[in-house]
Amino acid sequence: MAEENQEETLELKPIRKPPHFVLIHGMSLGSWCWYKIKCLMEVSGFDVTCIDLKSSGIDSSSADSLTSFDQYNQPLIDFLSSSPEEEQVILVGHSAGGLSVTSAIQRFPKKICLAVYIGASMLKYGLQTDEDMKDGVPELSEHGDVYELSFGLGTENPPTSAIIKHEFRRKLLYHMSPQQECSLAALMMRPAPILALTTAKLEEEEETKGEEDKEHVPRVYIKTLHDRVMKPEQQEAMIRRWPPSQVYELDSDHSPFFSNPFVLFGLLIKAAVSVGSI
């Protein structure tokens, strides 16, 4: 009897695409502040995009010309609007960048598989109430007059932009960071559109009202334990009010991408693993 040749069929499993991290900076910074994290991600095979919000990094807009949060946040809105429907991103926000992350969750819930807040403002509806301001806005008056203010609409109106004065930056922003990072920041920091940021009242979009998708976007909070800007007690208050699925702790100042980049990178990957993105 002739031997039958049996062909072995191999089941080919689709190769999972590496997660796409989208990194959002805080006030006065830009995409440049993520350069260490971007490098670590790229050499590890991950896709990463760093966004310059309006008047930040290499964006040529003047902070004094921005009067609404949507204007400031437009680069992120444009990026997510143009991204393929079938692709989801991991959105990461630092400091005031948390407001941009929350706005994106409301607008594009189906395009975000995970939202990560790093020492960031995590407020469900932005700066709506006095409690929101207390928990989500840095209170630095104990240090004296720390801001340089500009009044693009005239001194009779609220300031339009602000930046922390040079002599306070090391003490408040980078007290655990290498000196060379302070020097880099001194060259790169720009005034933040403070008037635009204070209008970050995140109303629900008409087309997403009633949908549950945005509530199902998992959120992770990374607490910056030695933060002198977004103080640990403020971070804890926001976590209590809008509990994320995971909370991690990081020994760092307000700028962990400078002071503790390797551990921060590890926590971002751990967060991605927790939602099955890796």
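**Notebook: charged pairs and rings**

I started with lysine 223, which forms a salt bridge with glutamate 236, their closest N and O atoms lying 3.3 Å apart. This links distant parts of the chain, with lysine 223 in strand E7 (residues 219–224) and glutamate 236 in helix H8, 13 residues apart. My salt-bridge rule asks for a side-chain nitrogen of Lys or Arg within 4 Å of a carboxyl oxygen of Asp or Glu. Helices (H or I, at least four residues) and strands (E, at least two) are DSSP runs, numbered from the N terminus.

A note on the source: this is a predicted model, where local features need pLDDT of at least 70 and side-chain atom pairs count only at pLDDT 80 or more, while totals for chains, interfaces and linings use all residues. Residues are numbered from 1 along each chain as its sequence is written, and side-chain values use heavy atoms, with hydrogens and water left out.

Next I looked up accessibility (buried is under 20% relative accessible area, exposed over 50%, partly exposed in between; 1.4 Å probe, protein chains only). Lysine 223 is buried at 10%, whereas glutamate 236 is partly exposed at 32%.

Lysine 223 also forms a salt bridge with glutamate 249, at 3.7 Å between the closest N and O atoms. Here the partner sits in strand E8 (residues 246–250), 26 residues from lysine 223. Glutamate 249 counts as exposed, at 51%.

Then I turned to arginine 241, whose side chain meets that of glutamate 131 in a salt bridge (3.8 Å, N to O). Arginine 241 lies in helix H8 (residues 232–241) and glutamate 131 in helix H4 (residues 130–136), so the pair ties together parts 110 residues apart in sequence. Both ends are partly exposed: arginine 241 at 37%, glutamate 131 at 45%. I found Glu131, Asp132, Asp135 and Arg241 linked in a network of salt bridges.

On to the rings. Rings of Phe, Tyr and Trp (its six-membered ring) pair if their centres lie within 6.5 Å; planes under 30 degrees apart count as stacked, over 60 as edge-to-face and the rest as tilted. I get seven aromatic pairs. Phenylalanine 21 and phenylalanine 46 have ring centres 5.8 Å apart and planes at 80°, so they are edge-to-face. Phenylalanine 21 is buried at 0%, and phenylalanine 46 is buried at 14%. Ring pairs also link Trp32, Trp34, Tyr174, Phe257 and Phe258 into a cluster.
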